[in-house]
Amino acid sequence: APSGSGHVGNCNIGKCYFKGGTFIGAYPHPLEHDDDTDCYESVRYNKVSGMQCWGLDDNVLNDYVGPAESCALECFERDDCVGFVRVNSGSEFAGKCYLRGGGLEKPEEWSLDNRDCYQPM
């Protein structure tokens, strides 16, 4: 450890490292460790712009209002959520997310409103 750091064995105090992909947010990870480090799992989704994707089963949650980042965290917290669609504009569904269940079908073109499909990475 650097001299005077006050923390033996850890030279990465105050630093965070993110590993590739599209980062949406972080969620606390209950990883056990023997120092003062806080561990997080990254929440990553591949955004497919202007596309619709359907779930193979019923939706996990409908009409969830929020930005894509909030929808991603909501999906991440649910074991049965396999991805989501966020409607951006162009219909009464604007600003809402639809969390999909049971697997995702291949994204398809969509022209009824402006929406994006988010698939887990």
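This briefing walks through the fold, the disulfides and the nonpolar cores of the structure above.

The model is a predicted one, where local features need pLDDT of at least 70, side-chain atom pairs count only at pLDDT 80 or more, and totals for chains, interfaces and linings use all residues. Residues are numbered from 1 along each chain as its sequence is written, and side-chain values use heavy atoms, with hydrogens and water left out. In brief, the protein chain has one helix and eight strands, and the structure holds three disulfides.

**Overall fold**

- Along the sequence, the elements of the protein chain run β-β-β-β-α-β-β-β-β. Helices (H or I, at least four residues) and strands (E, at least two) are DSSP runs, numbered from the N terminus.
- The protein chain has 121 residues, and 33% of them count as buried. Buried means under 20% relative accessible area, exposed means over 50%, and partly exposed lies in between (1.4 Å probe, protein chains only).
- Take the contacts in the protein chain between residues at least 6 apart in sequence: 60% of them join residues at least 24 apart. A contact means heavy atoms within 4.5 Å.

**Disulfides**

- A disulfide here is a pair of cysteine sulfur atoms within 2.5 Å. With the bonded cysteines of the protein chain numbered in sequence order, the pairing reads 1-6, 2-5, 3-4.
- Cys 53 is joined to Cys 117 with an S to S distance of 1.9 Å, and the link is right-handed, with 100° about the S-S bond. Cys 53 sits in the loop between strand S3 (51–52) and strand S4 (55–65) while Cys 117 is in strand S8 (residues 114–120), so this pair ties together parts that are 64 residues apart in sequence. Both Cys 53 and Cys 117 are buried.
- Cys 71 and Cys 97 are also bonded, with sulfur atoms 1.9 Å apart. Cys 71 belongs to helix H1 (residues 68–76) and Cys 97 to strand S6 (residues 96–104), so the pair ties together parts that are 26 residues apart in sequence. The torsion about their S-S bond is about 85°, so this disulfide is right-handed. Cys 71 counts as buried because its relative accessibility is 0%, and Cys 97 counts as buried because its value is 0%.
- Cys 75 and Cys 81 form a disulfide with sulfur atoms 2.0 Å apart. Their S-S torsion is about -95°, so the link is left-handed. Cys 75 and Cys 81 are both buried.

**Nonpolar cores**

- A nonpolar core is a set of buried Ala, Val, Leu, Ile, Met, Phe, Trp, Tyr and Cys residues joined through side-chain atoms within 4.5 Å.
- The largest core has twelve residues, among them Val 43, Tyr 45, Ala 68, Cys 71, Phe 84, Cys 97 and Tyr 118. Strand S2 (40–49), H1, strand S5 (81–89) and S6 each give two or more residues to this core, and H1 gives the most, with four.
- A second, separate core of five residues includes Met 51, Cys 53, Val 85 and Cys 117.

**Two residues to look at**

- Leaving aside neighbours within four places in sequence, Cys 97 is in contact with residues including Leu 61, Tyr 64, Cys 71 and Phe 84. The C-alpha atoms of Cys 97 and Leu 61 are separated by 8.2 Å, although these residues are 36 apart along the chain.
- Tyr 118, again leaving aside neighbours within four places in sequence, is in contact with residues including Tyr 45, Cys 53, Ala 68, Phe 84 and Leu 104.
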